Amino acid sequence: MNSDLLNQITPDPTDFTPRIFDPKRPFPWQFLLAGMIVGALLGLLLGSLLPPVYEAQALVTTNMELVQDTNITEIMIDSQIDQLGVLMYHPDVVQAVVNQFPVATSGIDAQNFKNETSVERRLMSTILKVRHADPHLAAEIASAWAKAAYERLNEAYPHAVRLSQAKADLRVVESCLNDPLKQPLPLCQSLSVEEAKAISAAANQTILEESPLSLGLTMEINVSQYQPAAVPAEPLWFRRGTMVLAGWFVGLIASLLLAETLPGRSRRHEAGK
């Protein structure tokens, strides 16, 4: 009975079986081999024509001073470190790097600098990446970038210290004037109204002057050192071996797809002849 039931089942013409797995349709293995060889040769050709791209990495290390029993959250720390990543593309930093490398030799100017570089955060460090066809030039640009960022941020740090101190003075004065719990403290008892107004005015003036010069830094975070980039040994993109492998794989897939469209008679039809 099972045999009769199987004989009654007719194949659905909509069922699809890849030709390579279909015993009724011989697969053109020569066509598949030729496609893989052609794909590998095209990959070799592209690998020879396209210059490899190298990536050099320099490192800028930061320190953060955290005071216990203060209301400092992880979000505040992240925002400060992320701000350093933004400052790596400060116009002063970019211009200092571009001025050292003529566009004719480096191919990098202030307009396309961001397209050829990237910034990555790793814990308390900021990694500066530069991509270029010349590995030595990529390392030189990355090292100059790290040095320029280090010098510019350290130039802004004293302004950040004065800004943080002015804000702290302003908070102390406001607490002494407005917080009943702080008013009995000796510091607040010795602070007259005139002195409080003078300190507040001086603090506000300092905040106005130092805010644009601090570049958004605070006293708690500073750039401690930078590490020049090493010359990369292996290319990041367009390796010849990778291009050959990619061409071989593309040729394999294209051959499998094209084999489905090639006409071919089944073995059963040929046996019937």
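Mentor: One begins with pairing: two strands pair if DSSP finds at least two bridges between them. Helices (H or I, at least four residues) and strands (E, at least two) are themselves DSSP runs, numbered from the N terminus. The model is predicted: local features need pLDDT of at least 70, side-chain atom pairs count only at pLDDT 80 or more, and totals for chains, interfaces and linings use all residues. Residues are numbered from 1 along each chain as its sequence is written, and side-chain values use heavy atoms, with hydrogens and water left out.

Trainee: How many bridges join S2 to strand S3?

Mentor: As a general idea, strands of a sheet pair through backbone hydrogen bonds, either parallel or antiparallel. Here S2 and strand S3 (residues 125-132) run antiparallel and are joined by 6 bridges. Within S3, Lys129 stands opposite Ser118.

Trainee: In what order do the strands form the open sheet?

Mentor: The order of the 4 strands is S2-S3-S1-S4, with antiparallel pairing. Strand S2 (117-122) and strand S4 (221-227) are the edge strands, each pairing on one side only. S1 is joined to S3 by 8 bridges, and Glu55 has Arg131 of S3 as its bridge partner. Another 6 bridges join S1 to S4, where Thr62 stands opposite Val223.

Trainee: How are two packed helices described, and at what angle do helix H6 and helix H8 pack?

Mentor: Two packed helices are described by the angle between their axes and the distance between the axes. Axes are lines fitted to C-alpha atoms, for helices over the stretch in contact, and angles run from 0 to 180 degrees between N-to-C directions. Helix H6 (residues 135-178) and helix H8 (residues 193-210) pack at about 150°, their axes 9 Å apart. H6 is therefore roughly antiparallel to H8 (angles under 35 degrees count as roughly parallel, over 145 as roughly antiparallel, 65 to 115 as roughly perpendicular and the rest as oblique).

Trainee: Which residues of H6 and H8 make the contact?

Mentor: Contact means heavy atoms within 4.5 Å. Among the residues involved are His159, Leu163 and Leu170 of H6, and Ile199, Ala203 and Ile207 of H8.
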